[in-house]
Structures are given as C-alpha cells and as structure tokens.
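Work through the exercises below with the sequence and the 3D structure open. Each task is followed by a solution in steps.

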Amino acid sequence: MSIDAVEVRGLGKRYGLHRALHDVDLDLHAGGVCALLGPNGAGKSTLLGILSSIVKPNAGVVRYLRAGEALAADASLRREIGVVAHESFLYTGLTALENLDFWGQLYQVEGLEQRSRDLLREVGLDEKAWERTAGTYSRGMLQRLSVARTMLHEPSVLLLDEPFTGLDRGGSQALAEALSGAVKRGAVVLVITHDLESIAGITTHVAVLRRGKLAFEERRASGYSFEELKDTYHSHSE
Amino acid sequence: MDFLRYVKTLAWKDVRVEFRSREIIYTMSFFAAMVVLLFSFAFSRQSATSSEMMDVSDLSPGFVWVAVLFAGTLGLSRAFDRERETGTMRALLLAPIPRAAIFLGKSVAIAIMVLVVQAVVVPLVALFFDAPLFAHPLPLVITLLLGTIGFSVVGSVFAAMLLKAGSRDVLLPVVLYPILVPLFIAAIKATAAMLDGSLEDCWFWIRFLAVYDTIFLIAALWTFESLVIE
C-alpha cells in the first residue's frame with residue numbers, strides 16, 4: 001500500500017479557546033518536497049500531528065490517496081507514515097542497533113538487521129557508536145539515528161518537524177540526500193523547518209501558515225533557491 | 001497472534017531497558033523495604049493496645065499491600081516518564097500496531113517490576129512480623145498475581161492518560177487510588193483470610209480480584225486509544 005497523495009480539506013483544530021488551525025486546505029503529492037513554513041505558534045506542528053494521525057481534528061478531513069482512492073485510516077495506514085519530530089523517538093537505554101531492531105519489529109521490516117546496518121551507514125553514524133546506548137549520543141548523533149529510525153520502513157509519507165536541528169553540515173547533507181532519495185522513490189514529503197538553506201534545492205512546494213490559516217501556497221517544478229524561500233517566508237509570515 | 005507478538009516486543013523492550021539501568025527496580029524495592037522496616041519499628045511484634053495484647057502479624061497483609069501500592073506508584077510514574085522524555089509514547093502511537101497492544105505491553109512490564117518488588121516485600125514482612133505468609137503458597141501466589149495485574153492495568157491507563165499533564169506526579173495517586181481501593185481491600189482481605197487459615201474466605205476474595213481484573217482489563221483495552229489520542 002503506497003500513498004501517492006495527501007488531501008487536506010477544511011482542517012480545524014482547537015485547544016480549549018485557542019484556535020490552532022482554521023479551515024486549512026492543502027494537497028501534497030508524491031515526488032516532491034513541501035516546505036511548511038511559518039512563525040512559531042502558526043499551527044505547523046499541529047498540522048503535522050493531524051497528518052500523522054496522532055491528533056484528532058475538530059473539523060475537516062485528511063485523505064490519504066492511492067491512485068485517486070482514499071485509504072482507510074487504520075493501523076496499516078500508519079505503516080506508510082514516517083515522522084521525525086522535535087523529540088528523538090528513541091530509547092536512550094537501548095543501543096542504536098537495539099532501537100532500530102525494536103522499531104523494525106513493530107513495523108515488520110524485512111531483512112531488519114541488514115537494513116539497520118545499511119541505514120546507520122547512510123546517516124553517517126560511526127560503527128563504533130552502534131553498540132553504544134543512545135543516551136550517550138550527542139544531539140546531532142541522536143538526530144541521525146532518529147532519521148534512520150524514520151527511514152527504516154521506507155514510508156511513502158514522510159513528515160518532518162525541524163529535522164535539521166542539531167545536525168552538523170555532514171548530517172544536514174546526509175538528511176537532504178535521504179529526502180531526495182525518498183522523493184525519487186515516490187514518497188510524499190512534508191518538512192517543517194526554519195533552516196531554509198538546508199531545504200533549498202529540494203523543495204518544490206511551499207506552504208506558509210500564519211495564525212492557524214494557510215497564508216500562501218505555491219508549487220514550482222524547478223524548485224526554490226535559498227533566497228526565494230527566504231523571500232517567500234518573510235513576505236507571507238509577517 | 002501478531003497482537004501478542006507486539007505485546008511481547010513492547011514488554012521485553014521495557015524489561016531490557018530497566019534491567020540495564022535498574023533505576024526503577026532499585027528505587028521501588030528500596031522504597032518498599034523502607035516502608036516495611038519503618039512499620040516493623042512502629043509496630044513491635046507484641047504491641048500493647050489499651051488492655052490486651054495484639055499479634056501484629058495480623059496486620060502484615062496491610063503492610064505488604066501498602067508497601068506494594070506506594071512502591072508500585074513510584075515505578076508506574078517513572079516508567080511512563082521514560083516514554084515521555086524522548087517522545088517514544090508518541091512514536092508508539094504512530095506505529096502500525098493495535099494501540100491496545102501498547103497498553104498491554106506497558107502493563108506486562110510494570111507487572112513484572114511489581115512482582116520483583118513483591119519478591120522483596122513478602123519475605124521481609126514474613127521475617128519482621130513473624131507472619132506465616134508462606135503457609136498457603138498457592139493462594140498467596142494467586143493473590144499476589146491478581147493484585148499485581150489489577151494494579152498494572154489500572155495504573156497503566158491512568159499513567160498514560162496523565163502523560164501530558166503538568167503535575168502528573170501529584171495527580172496520579174489522586175486519580176488512581178480511589179479506583180484501586182476495592183482491589184487493595186480485596187487483596188488485603190484475601191491475604192488476611194489466608195493467614196487465618198480460612199481458605200474459603202480467601203478464595204472468595206481471590207474471585208473478587210479476578211472479576212475486578214477482568215472488568216478493568218476489558219475497559220482499559222476498550223478505552224486506551226481514545227484516552228491517549230489528543
């Protein structure tokens with residue numbers, strides 16, 4: 001079951017009196033990276049929470065489409081979704097390999113051991129660190145391991161919330177390459193970030209949220225440069 | 001069968017993390033041992049009441065279960081804190097597994113930790129209060145098991161529900177203990193009846209424990225997902 005588009009219609013979410021999202025419409029397509037931009041508190045993480053099925057909206061719907069058909073929102077749908085969030089989603093008491101083994105079992109990843117080792121190499125984690133508990137890792141190493149965890153089951157929808165935080169230049173490059181690889185594989189990719197430099201070049205779709213509303217949306221097959229992303233962000237987020 | 005495999009994977013992960021750090025087990029066991037030790041000083045073996053002598057071994061069921069309740073709450077809180085610190089509870093909810101399996105996996109892991117604490121507390125109480133707790137091993141084991149299952153099931157639901165609450169450490173006992181009162185009364189009554197040698201009464205309370213566990217297990221499996229999703 002591979003998802004090739006995500007359709008968001010009239011999405012709204014309230015936390016008590018606070019309106020986090022209001023009437024948001026958004027279409028995400030496979031084979032491109034959507035940069036979701038906006039100031040703090042704009043509702044970006046709430047939108048990501050709803051897209052990942054962990055937050056229930058008060059209004060509107062999210063449809064996951066395969067060949068134009070909406071898929072049922074059940075446990076098997078979650079297998080298609082990969083999330084990188086502010087938190088590492090890792091057990092600090094387990095080693096890198098044990099973490100990937102645990103999550104791989106839950107996602108029923110085939111050839112798990114080999115896949116884990118390949119991914120750890122891809123994200124640039126030194127082999128000596130594989131048997132160390134994640135609690136001994138630096139912020140950047142944790143983020144690399146977190147990315148490996150997300151990519152483990154080859155999700156067809158990738159939702160990333162500030163994935164470049166804590167990564168050094170090499171780590172950012174490895175992540176950008178991983179995202180490019182996912183796009184080539186036909187994944188739907190949504191990235192929330194303030195690190196516009198890291199996503200310049202791979203972004204083909206920009207959406208700007210402001211006070212819970214979609215303030216701007218645009219697609220460019222040719223992609224966006226850093227300057228273009230910066231201009232778009234500044235002109236629509238203030 | 002996948003469901004049980006997920007439960008096993010989740011519980012084994014918790015057990016592995018805990019037996020590597022031994023943080024919760026040591027804290028719970030130490031705390032429970034301290035409670036029993038303090039009780040042993042507060043109530044010497046032959047405490048005098050106003051006019052007659054009282055055998056404090058009659059109070060030992062209460063000591064066992066109070067120590068288990070307090071130490072268990074401590075462990076419960078910490079076990080769920082671990083899932084909060086790096087967002088792993090959120091990641092578990094995102095995983096393509098039945099969410100009830102997450103609940104059951106946590107419950108099994110907590111039950112294992114509580115059983116370890118009981119393995120410390122019961123011999124200590126038997127020793128300090130000269131209580132014949134091991135006179136009827138089968139009812140004892142069943143009572144301990146059913147009490148542990150009930151505590152873990154109800155505790156896991158509330159601990160997961162309060163995961164995002166700011167003052168969860170304070171709130172957890174406040175919301176949890178009233179629900180656990182029938183369970184602990186039944187466990188104390190079963191243990192006391194066992195000490196008295198009235199096994200018929202003991203089995204009555206064991207059946208009560210089994211019914212309590214069944215009701216709360218079904219309710220927890222049914223409601224867990226709606227309690228943890230925002």
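**Exercise 1. State how much space the second largest pocket holds, and say what lines it.**

Step 1. The volume of the second largest pocket is about 360 Å³. The search runs on a 1 Å grid over the protein atoms alone; a pocket is an open set of points with protein on both sides within 12 Å along at least five of seven lines, and a lining residue has an atom within 4 Å of a point. Points are joined across faces, edges and corners, and the volume is the space filled by probe spheres set on them.

Step 2. The model is a predicted one: local features need pLDDT of at least 70, side-chain atom pairs count only at pLDDT 80 or more, and totals for chains, interfaces and linings use all residues. Residues are numbered from 1 along each chain as its sequence is written, chains are lettered from A and ligands numbered from 1 in the order in which they are written, and side-chain values use heavy atoms, with hydrogens and water left out.

Step 3. The pocket has 18 lining residues, and A:I50, A:S53, A:V55, A:K56 and A:A73 lie nearest its centre.

Step 4. Two or more lining residues come from each of helix 1 (44-51), strand 4 (59-66) and helix 2 (75-78) of chain A, and from helix 8 (199-228) of chain B. Helices (H or I, at least four residues) and strands (E, at least two) are DSSP runs, numbered from the N terminus. Strand 4 of chain A gives the most, four residues.

Step 5. By class the lining has ten nonpolar, three polar and five charged residues. Nonpolar covers Ala, Val, Leu, Ile, Met, Phe, Trp, Tyr, Cys and Pro; charged covers Asp, Glu, Lys and Arg; the others, Gly among them, are polar.

**Exercise 2. Find the volume of the largest cavity and the element with the largest share of its lining.**

Step 1. A cavity is a set of points where a 1.4 Å probe fits but cannot get out. Four cavities of 30 Å³ or more are found in the structure, and the largest has a volume of about 50 Å³.

Step 2. Its lining includes B:L76, B:F80, B:L163 and B:R168. Helix 3 (60-85) and helix 7 (168-196) of chain B each give two or more residues, and helix 3 of chain B has the largest share, with four.

Step 3. The lining divides into six nonpolar, one polar and three charged residues.

**Exercise 3. Describe the interface of chain B and chain A, and its salt bridges.**

Step 1. Count the contacts (heavy atoms within 4.5 Å): 24 residues of chain B touch 33 residues of chain A.

Step 2. The two chains bury about 2,700 Å², 60% of it on carbon and sulfur atoms. Buried area is the accessible area (1.4 Å probe) lost when two parts are put together, summed over both.

Step 3. Three salt bridges cross this interface, a salt bridge being a side-chain nitrogen of Lys or Arg within 4 Å of a carboxyl oxygen of Asp or Glu. One of them pairs A:E87 with B:R90 at 3.5 Å, N to O.

Step 4. B:R20 and A:E98 also form a salt bridge, with the closest N and O atoms 2.7 Å apart. This pair joins two chains, because B:R20 lies in helix 1 of chain B and A:E98 in helix 3 (residues 96-106) of chain A.

**Exercise 4. Where in chain A do A:D23 and A:E154 lie?**

Step 1. A:D23, which is not a glycine, has a positive phi of about 50 degrees, and this residue lies in strand 2 (residues 18-29).

Step 2. A:E154, also not a glycine, has a positive phi of about 45 degrees. A:E154 lies in the loop between helix 5 (139-151) and strand 7 (157-161).
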